[in-house]
Structure formats: C-alpha cells, structure tokens
Amino acid sequence: MSDATKYLLDNLNALAAGLFLLTGFGIVAMRQARGCLNLFIAQSLLLAASAALLGLRYDSAHLYGVALVNLISKPIVVPWLLRRTSPAGIYTRREIDQVLNIPTALLIAMALAVGAYFVGIPLAKAVGPDARGPNVSIGIAVLLLGAFTLTVRREALSLLIGLLAMENGAFLAGIAIARDLGMLVELAIATDGLIIVFIMGVLVRAVQKQVGTTAIGDLASLKEGAAEPAADEALS
Amino acid sequence: MAERILFNLLQVAVVLIFAPLASGVLSRLKELVQSKRGPSIFQPYRDLWKLFHKDEIVSEDSSWIFRFTPYIVFVTPIFVALLIPVLTSYPLFFAFMGDMLGGGFVLALGGFFATLAAVDTANPYGPVGASRTRMVGFLAEPVFMIVFFTVSFVAGSTIPYIVQKKWVTPLANFFAPSHVLLVLAFIMLILAEGGRIPVDNPTGHFELAMIDESKSLEYSGRGFALVKWGGQMKFFVLLCIFLNVLVTPWGLAAGQSYGAVLLAIPLVLFKVFCFLLVLVVIESSLSKLRLFRIAEFLGAAFITSVAAMMTQIFLP
C-alpha cells in the first residue's frame with residue numbers, strides 16, 4: 001500500500017471520527033427522541049466505517065469483523081428491539097424540560113470534549129505509534145458526552161441512547177488501541193449492548209404502564225404530595 | 001502589473017453584474033420546486049432598473065446616516081471582492097491589502113450602518129429588525145472567527161489566495177475532518193448571514209416576522225436599489241469565499257492571459273449554480289425557526305466549528 005493511500009485512509013478515518021464526535025454533540029442537544037435515535041444510528045454507522053477503514057489501513061481481518069458486528073447489531077437490531085419493547089408514542093414525544101437549556105448544555109459538552117483530548121492524547125501516545133489517529137481522544141470525548149447526556153436528559157429513551165453512545169465511544173477508542181482483541185470479546189460486548197437495550201426497553205414499558213409517562217426526570221420523589229414533609233419532620 | 005489591476009477590476013465587475021442573477025436564479029429554482037412558474041431569472045435586474053428611475057423619499061427627521069447607508073452597503077462588498085479570489089488562483093493587485101478577517105470586518109461595517117439606519121428613521125419595525133439582525137450577528141461572529149482561525153492555522157496564513165490551495169494538495173486533505181466540519185459550519189453561516197430559510201424567510205412580507213428585510217423598509221427609489229444590490233452582492237461574495245477558498249478551488253484561472261481569466265467566469269458561475277441547487281434543497285426541506293431557536297441553530301454551527309478546530313489543533 002502506497003504512502004498516499006495510507007494518508008488518504010488516515011484522513012477518511014479521521015473524518016469518520018470527527019463526524020462521530022458531531023453526532024455525540026447532537027445526541028446531547030436533540031429534543032425529539034426519534035431524532036436522538038437517528039443520530040445514534042448514524043453514529044453506529046460511522047463507528048463501523050471507522051473500523052472498516054482501520055481494517056483496510058492495517059490489513060486486519062479482525063477489524064472487518066468488528067465493523068460487520070456493529071453494522072448489524074446497532075443500526076438494525078437496536079431500533080427493532082426498541083420498537084418491539086417500548087411504547088410507540090415515545091418516539092414522537094418532545095422533551096421540553098431539560099435540566100439545562102440547550103446552548104448551556106452544548107457549551108459544557110464542548111468543555112468536556114476539550115478535556116477528553118487532554119486525556120486522550122497522552123493515552124494514545126502511551127499505547128504506541130499505531131494508535132496515533134484521533135480515535136482515542138474522540139472515543140473518550142463521546143464517552144463523556146454520553147455520560148453528560150445521562151445527567152441532563154429526563155426522558156427514558158434519550159437516557160438509553162446516552163448509555164449506548166457511551167458504549168459507542170468506548171468502542172471507537174478500543175478499535176484503535178487493541179486491534180486484535182479476539183472476536184469472542186467483541187461479540188460478547190455487542191450482545192451485552194443488545195441485552196441492555198432489551199432490559200431498558202421492557203423497563204420503560206413497565207414505567208409507562210405504571211405511571212403513565214416516560215419522563216423519568218419527574219419521578220424524583222417516592223410518594224406524591226403530603227408524604228414528603230412528613231418524612232422530613234420525622235427525620236428532624 | 002497593469003494586467004493584475006485590470007483583472008482585479010474585472011472581479012469587481014463580475015460581482016456587480018452577476019450578483020442579481022444569482023439571487024434571481026435562486027428564487028426561480030425555489031418557485032420551481034414549489035410547482036410554480038416563478039419570475040424570470042432576470043427579474044432582479046428589472047427591479048433594480050425600475051427602482052433607479054423612481055423618486056426617492058427621505059424622512060425629514062432622519063439624519064445623515066440614513067442618506068449615507070445605501071452607499072456604504074453598496075460599496076463594502078465591492079471592497080471585499082478586491083481581496084478575495086473570484087476568478088484567479090494567484091494573488092492580484094489588492095490581494096495583500098487585507099486578509100480574511102479584514103474582509104469580514106469590511107462586510108460587518110455595511111451591516112453595522114444598515115442597523116443604524118434602521119433605527120434612525122424611528123419606523124416601528126426598523127429597530128425590531130435591527131436588534132434581531134444584531135442578535136443573529138453576534139451569535140454568528142464567533143463561528144466566523146473560529147472558522148477563519150482554523151483555516152489560517154492549517155494554511156499558516158490568513159490571505160485567502162494562499163489558503164485555498166491547502167485543502168486540495170494533496171487531494172486527501174479534502175477529507176480531513178477539520179475541512180469537512182468547517183464546510184458544514186460555513187454553510188450554516190451562509191444561511192444565517194444571507195437571511196435564508198431556517199433563520200429568516202427572504203420572501204416573507206409579514207413585518208413582525210422579518211429579520212433582514214425590515215431594515216430597508218424605509219428606503220425607496222435609488223437608495224433602496226443600492227441597498228438591494230448591496231445585499232445581493234454580499235451574498236455573492238460570501239458564496240465566492242465559500243466556493244473558491246473553502247470547498248472547490250478548481251476552475252479558477254491559473255494563467256495570466258485574458259482568455260484564461262475570461263474562461264474562469266462561466267466556470268465560477270457554474271460552481272455557484274451547483275451550490276444554489278444545494279441551497280434550494282436545504283431551503284425547501286426546512287421550515288423557518290422560531291426566533292429563540294436561532295440561538296440553537298447557530299449554537300450547532302459553533303459546536304461544529306469548534307469540533308473542526310479540535311480535530312485540527314489536537315492532531316496527534
């Protein structure tokens with residue numbers, strides 16, 4: 001493989017990673033659950049693209065396998081599972097009351113991403129010269145953005161997608177650090193993700209049935225109204 | 001030397017002549033998408049011709065700012081056209097008079113005076129539009145800054161003629177994440193600064209919803225023609241910066257001969273036409289945002305540009 005081709009593949013991989021970061025920001029900011037899900041699908045496709053490009057670049061059949069697993073499990077099986085398990089109305093719901101307003105959330109997310117670079121670059125350097133691409137830093141950044149999504153969102157489905165985005169970020173960093181991890185491990189991780197989706201979907205359905213809403217953020221107190229002050233008095 | 005001055009003036013002439021055509025083509029394409037016939041693509045020229053032959057009415061209570069603003073709005077895009085590559089890929093006579101930031105400031109000067117003039121007449125809708133334009137402007141400016149600084153960081157220069165070659169030599173640089181993300185951010189900026197659809201509706205006639213248009217409500221006759229033409233030129237200049245410096249620096253004249261430079265005119269117009277097609281798709285598939293959602297739209301542009309900067313500066 002010529003140097004020019006290698007350079008092109010490196011750039012394409014970096015492009016996939018850059019767009020991956022952008023979808024991470026999008027998941028923080030998107031209001032509608034369906035938009036969040038679409039962004040997650042795009043993110044998984046970009047992850048698969050990055051794995052395939054790295055596989056081509058370093059001639060590793062194992063990374064093609066990772067790409068294939070990601071291509072099947074996340075963009076196809078996860079939405080299918082969610083549609084089967086969680087209530088249908090959840091997709092069109094719009095999340096009005098986020099903990100922070102969107103510009104503030106985006107600014108904090110930006111600071112997190114910059115912070116991730118300060119962790120990611122030394123880490124990538126410690127691993128070795130082959131992990132030099134932006135994958136490690138951006139993977140950590142998206143990991144943090146997913147965690148941030150978990151803290152600012154109040155709707156069950158977007159919380160789930162934040163969790164899955166965290167997993168995607170870890171995957172993106174992982175394929176650059178450990179290229180020959182063993183297919184079994186990757187498959188195990190992918191299945192794990194699907195089981196999480198399944199359990200969360202069933203849980204959301206149960207919550208919807210019990211409480212009539214999926215706005216998890218409103219379920220802060222155990223009992224409504226008068227029960228709380230009484231408990232406080234008992235404590236004091 | 002004389003040739004370079006001549007080519008520079010030719011660039012200005014191209015911007016002057018073809019800016020109304022670009023906006024005419026854009027509005028015609030939009031009407032075609034909506035299954036209407038639409039006005040002729042030469043309608044903007046007829047409008048300008050008509051307005052230049054009409055009487056001008058100026059309010060007694062307005063100051064000199066109101067009278068001078070049309071000329072400033074008209075002249076500032078011409079100055080920028082002297083600085084940027086419109087037709088040639090090599091620097092022309094005035095190329096080193098100002099860099100991209102200088103061009104941005106010159107464009108902002110026109111916007112500043114347009115805002116002042118809108119407040120000057122005390123027309124109730126003028127100040128509303130003026131303050132809204134300022135809101136969009138101050139949200140868009142940090143994005144402009146980051147885009148320009150990232151571009152300059154990559155190329156090691158802020159002169160647009162030098163910057164344009166960096167993204168395509170070798171061609172693999174075109175796919176650098178910073179480049180693609182910057183292009184995305186700049187498209188959002190063009191939509192915001194040009195008053196296009198997700199931010200402002202250029203064909204709307206409802207004063208309360210106007211952002212850009214309501215600044216020129218008080219103008220008539222020659223003044224209105226100049227403001228209109230200036231706005232069209234500003235849009236055309238932004239397109240030229242976007243296409244010739246950031247995205248597709250191909251098709252520009254590389255040789256010094258007259259033939260090469262004249263051949264560049266249809267090529268540049270073709271690039272503009274292709275981008276207008278993209279713009280029509282964007283404008284026809286989105287709806288206008290509510291005023292307070294504009295902050296989120298430009299916040300997204302800001303995040304995109306910052307992501308571009310991060311992928312570039314922290315390149316391991």
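Reader: What makes B:Val136 and the others in helix 5 of chain B meet residues in helix 7 of chain B?

Author: Two residues are in contact if their C-beta atoms, placed from the backbone, lie within 7 Å. In this predicted model, B:Val136, B:Ala140, B:Val143, B:Phe144, B:Val147, B:Thr150, B:Val151 and B:Val154 of helix 5 meet B:Ser178, B:Leu182, B:Ala185, B:Phe186, B:Leu189, B:Ala192 and B:Glu193 of helix 7, both in chain B. Helices are DSSP runs (H or I, at least four residues), numbered from the N terminus.

Reader: Why is helix 5 of chain B called roughly antiparallel to helix 7 of chain B?

Author: Their axes, lines fitted to C-alpha atoms over the stretch in contact, come within 10 Å and cross at roughly 150°. Angles run from 0 to 180 degrees between N-to-C directions, and those over 145 count as roughly antiparallel, so helix 5 of chain B is roughly antiparallel to helix 7 of chain B.

Reader: How do you know where confidence is lowest in chain A?

Author: By pLDDT, the predictor's confidence in each residue, from 0 to 100. In chain A, helix 8 (residues 227-235) has the lowest mean, 48, and helix 5 (residues 135-152) the highest, 93. Over residues 226-236 of chain A, pLDDT stays under 50. Where pLDDT is low, the predicted coordinates should not be read in detail.

Reader: How many residues does the contact take from chain A and from chain B?

Author: The contact takes 26 residues from chain A and 19 residues from chain B. Helix 1 of chain A gives 13 residues, the largest share of the side of chain A that touches chain B.

Reader: How are residues and chains labelled, and which residues count?

Author: Residues are numbered from 1 along each chain as its sequence is written, with chains lettered from A and ligands numbered from 1 in the order in which they are written. Local features need pLDDT of at least 70 and side-chain atom pairs count only at pLDDT 80 or more, while totals for chains, interfaces and linings use all residues.

Definitions and conventions: Helices (H or I, at least four residues) and strands (E, at least two) are DSSP runs, numbered from the N terminus. Angles under 35 degrees count as roughly parallel, over 145 as roughly antiparallel, 65 to 115 as roughly perpendicular and the rest as oblique.
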